[in-house]
Amino acid sequence: MEQEPVPHMAEACPRCGTEYLLGSHFCHTCGGRRPEALSSTAQADAAAIARLWVLGVHRVREFVLGLHWGQIKAPSWVRYLHFHEIKSRTGLSTGSLIAFVIGLACVAGALLVGLLTAKTFVDWQAIQFYRAEWLLAATASFVAGILLKKPSGDDGD
Ligand SMILES: [Zn+2]
């Protein structure tokens, strides 16, 4: 990398491109202030950071590409999250399990709505309505889950 002698001030106006007159602090064409040129250390720092960035991106890419995705062993507890495991453990059908999960999400929504702070009575009223609707949806979902539940012992799939 060639390093020419670093001037203290910029050579040309960044706004209009005019070269500054010797010793001037302002552009004689547009009147813009003459900025200080980047110091050599700042330029070196920027270059070093850019190199590090490129290197880091390269490393991450190599790491991702180098992984043998099929060989990654999931922790043993992950299998408890598997849908069919839950199904066989609880004896629920797919439909009722989905309804159950939706119901849980609705309960979570109702709890999250409770975190909202009401500043006025109208706000508070609206939040109560939201909460009631979430809980209603949760109830409907649980009921649907119960209705979708197959009679126990009928484990066809
Ligand atoms: Zn200028």
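How are the donor residues of the zinc ion spaced in sequence? They follow C-x2-C-x10-C-x2-C.

First, the ground rules. This is a predicted model, where local features need pLDDT of at least 70, side-chain atom pairs count only at pLDDT 80 or more, and totals for chains, interfaces and linings use all residues. Residues are numbered from 1 along each chain as its sequence is written, and side-chain values use heavy atoms, with hydrogens and water left out.

Now the overall picture. The protein has four helices and zero strands. Along the sequence that reads α-α-α-α. Helices here are DSSP runs of H or I with at least four residues, strands are runs of E with at least two, and both are numbered from the N terminus. The protein has 157 residues, and 15% of them count as buried. Buried means under 20% relative accessible area, exposed means over 50%, and partly exposed is in between, with a 1.4 Å probe and protein chains only. The protein exposes about 12700 Å². Carbon and sulfur atoms supply 66% of that. The areas come from the Shrake-Rupley method with a 1.4 Å probe; for residues, only the protein chains shown count as cover. On to contacts, meaning heavy atoms within 4.5 Å. Of those with a separation of 6 or more, 41% are between residues 24 or more positions apart.

Back to the zinc ion. Its protein donors are the SG atoms of Cys13, Cys16, Cys27 and Cys30. They lie 2.2 to 2.3 Å from the ion. A donor is an N, O or S atom within 2.8 Å of the metal (3.2 Å for Na, K and Ca); water is not among the atoms, so sites may look incomplete. What is the arrangement of the four donor atoms? It is tetrahedral, because the angles run from 105 to 118 degrees. The cut-off for four tetrahedral donors is all angles between 85 and 135 degrees. The ideal tetrahedral angle is 109.5 degrees. Cysteine 13 is buried, at 5% relative accessibility. Cysteine 16 is partly exposed, at 38%.

Next, helix H3, residues 94–113. It has 20 residues, and at 1.5 Å a residue it should span 28 Å. The expected span is 1.5 Å times one less than the number of residues. The end C-alpha atoms are 28 Å apart, which agrees. Its buried residues include Ser96, Leu97, Cys106 and Val113. Leucine 111 is also in H3. Is it buried or exposed? Leucine 111 is exposed, at 61%. Its C-alpha atom is 9.0 Å from that of tryptophan 134, 23 residues apart along the chain.

Last, the aromatics. There are two aromatic pairs. The rings of Phe, Tyr and Trp (its six-membered ring) pair if their centres lie within 6.5 Å; planes under 30 degrees apart are stacked, over 60 edge-to-face, and the rest tilted. Phenylalanine 100 and phenylalanine 142 have centres 5.8 Å apart and planes at 50 degrees, so this pair is tilted. Phenylalanine 100 sits in H3 and phenylalanine 142 in H4 (residues 121–148), so the pair ties together parts 42 residues apart in sequence. Both are partly exposed: phenylalanine 100 at 36%, phenylalanine 142 at 28%.

The other pair is phenylalanine 121 with tryptophan 124. It is stacked, 5.8 Å centre to centre, with 25 degrees between the planes. The two are three residues apart in H4, so about one helical turn separates them. Phenylalanine 121 is exposed, at 55%. Tryptophan 124 is partly exposed, at 44%.

Definitions and conventions: Tetrahedral: all angles 85-135°; square planar, octahedral: opposite > 155°, others 65-115°.
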